[in-house]
Each structure stands twice: as C-alpha cells, then as structure tokens.
Amino acid sequence: MAANSTTTTSSFVSLQDVPVTFIAAAGAVGLLSVFFYSTLFSSRKGGIVDVGGVSSILTAWPFFTKRYDFLKSNFQKTGEAIFKFKVLHHTVVAIRGEEGRKAFFDNKSLSFSEGYKILMGAAPRLSDISMDHENIENVSWFNKQLTHLLNRRRLDEVLPTLLEDLDRQMSSWGTESTIDPFRNVYDLVFLMTVRMATCDELARDPAAIKHIQSLYWTLEKSATPTALLLPWLPVRANKNKEAATKELFGIFYSYIEKRREAKVPRSDAIDVLLADGLDNTAIVGFILGVVFAGVINTGINSCWALIFLCTNKEWRAKVQAEVNALIANHTNTTSSEPLHKRLATIPVSVWEDEMPCMDTVIRETLRIVLNGTTLRRTVLEDLGIKDKTVGKGAFLAYQLSDVHLNPDIYRDPLVFDPDRFGPGREEDKKGHYAFLGWGAGRHPCTGMKVAKLEIKVILALFIAGYDFDVVDSSGNFPTEFPKVNYNDIHQARPIGKPVFLKYKRVVE
Ligand code: HEM
C-alpha cells in the first residue's frame, strides 16, 4: 500500500502552502535552532535520543520533504537504532534493526491506519467532505471486500478485458517512438486499476479517466507538510484536497448510480459490490481505497522493472524465454489472433504459478525501489523496544532500506542482481523479515496478487510485442545506470537525468 508512498518530489513543498507568519517564525527560529542544535542534539528523554533541536517544526520539516535523507542522516549522526523527534505535538520514533523491525510488524498494539493518517495522508478521506461511513477507514473491512472482489475466478474473467484496454492504450502511442515510462506506463496501471475497481462505462471513457487521474495527482501532491499537519488551515493544498475529494466522490457516485439503475447486471466490480448490498458511499470509499493503495506502487515498480530489464541482458533473455514458453504452451500457436488476445487465453493460475523468472525480477525490483518509510502508531499501550519505552500515542517510523539496501544482507545493494535470491545465495533469508516488498507480520499486502498480475501483464506485452530499450533525452543508452530518487514520494523517478523507453512494435 503506502510503503513507497514514503518519499517526496521536489515540488512537494510549495512555499505558497506555508502561511507567511509561519515562514517568518520558522526563519527566526531557524537561526537559533542552528545555534543550539549541536548542544541539544543528543538529549535523551525517556531513554530515547531526541533529535528535536529547539524548533520541532524546523527539525521535522525534512521528514516531510526529504524523508529518506532525514531518517538516514539522523541514524548516522546518532549512531543509535532508535531516535525520536517532534512533529508539532506528535512524537515520532524512528527505529532500525531486527528487534525494532519485529516489534514494528508484529506488535498488536500498533495501528496501521492511525500511523498513515497524519504523517502520510494523500489518500482522500470521505470524512473530509462530511461523507463519513462506519466501515470506510477500517482496513479489515477493506481487505475483506478486496479479497472477495479480486479472487482468481474474477481475475480470470477480467483478464481479457484488461488486455483489450492495454492494447488499445498502447496502440495509441504509435508503432515506433519514445515514451516517458513514468507517465505512459503509469497511465496503463491507472487504466487497469479503474477496470478492476469500477465498471465498463468508466473504463471505456478515456476523457473521464484522464480527469480522474488529474484529480488523483492533485490529491497526491496536496499532501504537503502544512496540509498534513494543519489540515484546518485555509491554504491552497487543503482547499485543493477538499475540492478534488468532492469531485472524485461525485464522479464515482454517478457511475455507481448508473450501474444501480442498469436493467441487466454485469460482472463489473461495482455490480459485484452492489449485489453484496453495499451502499453508494461505501462503494466510493472502497474504489478510492483501491486507487490510492494500488496505483503508485504498481506504477513505480512496473516502470523500474522495465528499466532494469534493459540494463541486464541475461535476465532479459530469461524473462523473454519464459514469456515465449508461456505463449507456446498455453495459447493456440496456429492462431492469427493479435498478441493481447492470445495472452488473454492464459489462465491467471499460470500467470501466478509458472513465471518464476518474472517473479524474481519483480522481487529484485521491489527490493531496490521500495525503500520508503512505513508508519504505525501506538494506540493501546506503551511499547517496549530493546531497553526503551515508546509511549502510547507516539508514531513509529521504519524505513524499508534498513533491510533492502543493507550491505550486510544484500551484496552490492544498489545493483540489479536477481541471482541474489537463487540457490547458494538466498540473501533474502539472511535475517528476520529481510525482504519486505509486500510487507510482513500483521499487515501484509492484500493487493499483492493483483499487483503482480498487473506488472507481469505489462512486462509480457512489452517483451513479446516490442523491441524496446532505455534511453536518455538524446536517445542514447544512458551513460550512468539510472538510480531511484528515494526522496520522491510520488513517483520514485530516477535521480538526476530523466530516462525514457524507446520502442518499436514488432507484432500485431
Ligand atoms: C507493486 C505494488 C504494491 C506493492 C509493492 C505493495 C506493497 C505493500 C506493502 C509493503 C505493504 C505493507 C505496508 C506496511 O506495513 O506499512 C502493503 C500493504 C497493503 N497493500 Fe499493498 N502493495 C502494492 C499494491 C497494492 C494493491 C494493488 C493494493 C490493492 C488493490 C494494495 C493494498 C494493500 C493493503 C490494503 C495493505 C494493508 C493491508 C493490511 O493492513 O492488512 N497494495 N502493500
């Protein structure tokens, strides 16, 4: 869900969002803060090093704007496995290491949804527009609907339509050109998400999808520090968030009404949810949940898997052979049907169980890319970690790079090397919860199967349908291996120069 949603774009902090008085106060306190910072840096309160400095806002600001760097540098400076800081009146405790990790993922006094609500917050809440509903913010309720809706039988049913949608969209790019994967591949994921979670009328309306996508990005980008911490302030980000939430609510509501009034029910997601007796508000809440849980991480990892495959000839050849074998063994080889129609005849069970190379590529992509911060809040009682006590009400932050980019676990962690999971190395077994690409413990990802299927379908369409390669803005293979910007919370684009995919369609 939100685990990569853990970093920040450079446009994330807009000064227009910060009230003038706040800037003035922050500026004044800033100088003092620099002066006192070194002396106060190591203060220990309650046994946990406090990096709060004089101004908690100034200290904590980079937690929102450059979260990855903020946590990493404070761990380095303190040399501790646990430190804390304040975000306004909230205490946030950052942890690293195996013991902290176990407590973070397994302890039942920690709340998942409370953790993300205040410190992440891009996902719209219907309560923000006075449309509350008893179930909507309950993750168990959401998981139940998701499991019911995205079971294997339904995925088998939806796969051909999904492939039709993708083929239509990819054909619109033309037969030979260059695309920005972080836009065009995202579009594919958005389209699939809409198809999976709503209805045919919407999935077939490109203008409506484009509009919904722009509202989605408005919401993602409105999660500025000011908007998150001071949601009642009438700043632009807060107003944008409310307006976008209202509009999204209205759009989805109208499609649900259309389906409610339809004479003949279909197997679309909305119809299934209506048949289950859900009211319109609950269905809108569910759709918003799927969109915000699914799009970012599936989009980011589809893009990077394609880019990484272009940089590793050996694994590209393995994946190519696997896709060819799948087509040869599970589709009619004498058929003159176009590629997407042939792929559509492969059962979901085969996509899930007979693609070990693709699975390994996805696993390695997640390991390199998914290094944001996961969040929890202690809601039931104080929590003991090592010899320290985290008070009830505090937030906990755990950065996935603690395992994924840890050289003691993964050799040369920034190198794309799927062989690291193979026999003889099995680096992901070198520690408790050493791989966290799909979460662990009490909150593993409930969208994993559908996310993997989506990524595999995109990769298969590229691998079997196109000659493609990664290029820089001059159209040449990049001189430097593209690296993920871990502070880019929304898109995890490459750091520095952009990269593109140059392609030529080779089959019908
Ligand atoms: C490549 C795509 C995805 C990745 C890498 C991913 C990763 C994760 C991770 C790491 C967590 C645990 C977060 C934590 O512990 O704080 C998580 C939880 C979750 N994910 Fe995903 N996710 C992906 C796609 C999806 C999709 C498509 C959906 C829904 C359609 C989804 C729904 C959820 C939900 C509901 C949870 C919370 C489960 C619970 O609390 O019981 N995810 N995901």
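Strands β6 and β12 (residues 500-505) pair up antiparallel over four bridges; pairing here takes at least two DSSP bridges between two strands. Strands (E, at least two residues) and helices (H or I, at least four) are DSSP runs, numbered from the N terminus. Keep in mind that this is a predicted model, where local features need pLDDT of at least 70, side-chain atom pairs count only at pLDDT 80 or more, and totals for chains, interfaces and linings use all residues. Residues are numbered from 1 along each chain as its sequence is written.

- Glu-176 has Lys-504 in β12 as its bridge partner.
- β6 and β12 belong to an open, antiparallel sheet of three strands, ordered β6-β12-β11.
- β6 (176-179) and β11 (466-471) each have a single partner strand, so one side of each has no neighbour in the sheet.

**The enclosed strand**
- All six residues of β7 (residues 373-378) are buried, so this strand is largely enclosed by the rest of the structure; buried means 20 or more other C-beta atoms, placed from the backbone, lie within 10 Å of a residue's own.
- Thr-373, Leu-375 and Arg-377 are on one side of β7, with Thr-374, Arg-376 and Thr-378 on the other.
- In a regular strand, side chains alternate between the two faces of the sheet.
- β7 runs antiparallel to β10 (residues 395-399), joined by five bridges, and Thr-374 stands opposite Tyr-398.
- β5 (residues 110-111) also pairs antiparallel with β7, over two bridges.

Definitions and conventions. Buried ≥ 20, exposed ≤ 12 C-beta atoms within 10 Å, placed from the backbone.
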